[in-house]
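This report examines selected side chains and the pairs they form. Please consult the sequence and the structure as you read.

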Amino acid sequence: MVERANGPIADLHDQKTRFCAEMAGLVTAVMSGDVARRMNTDYADPDLRRSAAILNELIVSIDDNLCDFNKATASLAQGDLHGSMREKHRGAFGQLQRNFNLAVATFRTVLGEQGADQFADRAAKFRQMLTTFKSNEVAFGLRMSDEDSRPIASPAHDLWVKLADALDGPQNNSGKTA
């Protein structure tokens, strides 16, 4: 086959250039947390078409694993200690699934059924408290201390103190420091 300016070899070079640019864009997007992006698979070259499809499958797999973990952590954030990640993950995602499910099972075991219900109630109170902070547009700035050993009062610190109080309940408010 003879190389021509508008012939098959030049066209393959153009496809490879486009493929590399799309792949670089996809990698940048995924590294930035955008797992909805996909590559075009409309390449005339079968190797480029197959490679683009495989990259898309990889991103779909990552997205599926992250979605499952997000649902499970959102459930935990809502105070639900009965949720878990689906039993389908492999490799590093499988290890993440096992560790997450073990952590939730440990919480349930340590707290017991009644404690799990109380956890859910207190998590709801904490969410309401967060909503109040957000609606009041409180800024959570990081402030550095002159002394490393002394905690600094800040909106974020105050929020943690309130969380501890909410989790302890009204029975044990003595000895708290702000």
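This is a predicted model: local features need pLDDT of at least 70, side-chain atom pairs count only at pLDDT 80 or more; totals for chains, interfaces and linings use all residues.

Because Asp63 lies in helix α2 and Arg38 in the loop between α1 and α2, the pair ties together parts that are 25 residues apart in sequence. Arg38 is partly exposed, at 31% relative accessibility.

## Other salt bridges

Side chains of opposite charge can pair when their charged atoms come close. The model holds five salt bridges. One of them joins Asp42 and Arg18, with 2.3 Å from N to O. Here the loop between α1 and α2 is tied to helix α1, because Asp42 lies in that loop and Arg18 in that helix, 24 residues apart in sequence. Asp42 is exposed at 55% relative accessibility, whereas Arg18 is partly exposed at 32%.

Another salt bridge links Arg50 and Asp47 at 2.4 Å, N to O. These two residues are three apart in helix α2, so about one helical turn separates them.

## Asn56

Asn56 lies in helix α2, which spans residues 46-77. With 12% relative accessibility, Asn56 counts as buried. A polar atom of the Asn56 side chain lies 2.7 Å from the backbone nitrogen of Met39. Leaving aside neighbours within four places in sequence, Asn56 is in contact with Arg38, Met39 and Thr41.

Methods: Residues are numbered from 1 along each chain as its sequence is written. Side-chain values use heavy atoms; hydrogens and water are left out. Helices (H or I, at least four residues) and strands (E, at least two) are DSSP runs, numbered from the N terminus. Buried means under 20% relative accessible area, exposed over 50%, partly exposed in between (1.4 Å probe, protein chains only). A polar contact is a pair of N or O atoms within 3.5 Å; within protein, one must be able to donate a hydrogen and the other to accept it, and residues adjacent in sequence count only if both atoms are side-chain atoms. Contact means heavy atoms within 4.5 Å. A salt bridge is a side-chain nitrogen of Lys or Arg within 4 Å of a carboxyl oxygen of Asp or Glu.
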